[in-house]
Amino acid sequence: MKEPTSVGLGEQAISRNPEDILVAYGLGSCVGVIMIDPVSKVSGLLHAVLPKATDGFKDSSYKPSKFVESGIEQLLADLIHKGAMKSRLIVHLVGGANMLMLSGIGSFDIGNRNIEAAYAVLNRLNMQVTSAEVGGHLGRTVRIYVADGRVTIRSAGQKEHSI
């Protein structure tokens with residue numbers, strides 16, 4: 001069996017190889033955006049870290065996939081380039097947990113900001129979210145099985161399940 005393709009922080013992966021499994025391990029406040037075209041059998045996974053790039057982030061090391069806003073746009077463009085049709089894409093959101101609680105300070109709220117950014121971009125692009133498992137306080141690992149478009153999630157201390 002082929003090893004899964006790990007999609008790290010600020011990365012994305014696209015595949016139409018039925019042997020591939022795309023995986024983002026330990027999504028905490030990060031958001032995993034999954035797009036699957038069931039007809040062309042191309043799947044993509046974005047592992048976005050922050051809601052959007054500010055001018056301070058747009059230096060020579062700028063990567064669109066690090067940010068929800070630019071990452072979703074890049075993922076969509078790359079999927080279309082690989083043969084997907086926007087109108088057929090099935091979209092899932094995973095992650096956006098509130099992981100950074102500090103005593104007396106509250107929360108940095110990055111998880112919620114990432115979720116809000118994802119919905120805003122998808123709404124602007126006229127794309128519907130098919131399913132979402134977002135928020136809470138637990139990290140999640142998400143897997144996409146390219147062969148059949150199945151998406152599974154496993155939260156810390158819980159059983160893996162399909163969405």
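Predicted model: local features only at pLDDT ≥ 70, side-chain atom pairs only at ≥ 80, totals over all residues.

**Surface.** Residues are numbered from 1 along each chain as its sequence is written, and side-chain values use heavy atoms, leaving out hydrogens and water.

**Burial.** I looked up how much is covered: 47% of the 163 residues count as buried (under 20% relative accessible area; exposed is over 50%, partly exposed in between; 1.4 Å probe, protein chains only).

**Fold.** I find two helices and 12 strands, in the order β-β-β-β-β-α-β-β-β-α-β-β-β-β along the sequence. Helices (H or I, at least four residues) and strands (E, at least two) are DSSP runs, numbered from the N terminus.

**Dimensions.** The C-alpha trace spans about 50 × 40 × 30 Å along its principal axes. The radius of gyration is 15 Å, which agrees with the value near 15 Å for a compact globule with 163 residues; it is taken over C-alpha atoms, and the globule rule is 2.2 Å times the number of residues to the power 0.38.

**Contacts.** Of the contacts with a separation of 6 or more, 63% are between residues 24 or more positions apart (contact means heavy atoms within 4.5 Å).

**Salt bridges.** How many does a search of the whole structure find? I get six salt bridges, each a side-chain nitrogen of Lys or Arg within 4 Å of a carboxyl oxygen of Asp or Glu.

- Arg88 pairs with Asp37, with the closest N and O atoms 2.8 Å apart. This pair links distant parts of the chain, 51 residues apart: Arg88 sits in the loop between helix H1 (68-81) and strand S6 (90-95), Asp37 in strand S4 (residues 31-37). Arg88 is partly exposed at 25% relative accessible area, whereas Asp37 is buried at 0%.
- Arg124 pairs with Glu73, the closest N and O atoms being 2.4 Å apart. Here helix H2 (residues 110-124) holds Arg124 and helix H1 holds Glu73, 51 residues apart. Arg124 is partly exposed at 49%, and Glu73 is partly exposed at 34%.
- Arg140 pairs with Glu133, with a closest N and O distance of 3.5 Å. Both Arg140 and Glu133 are buried.
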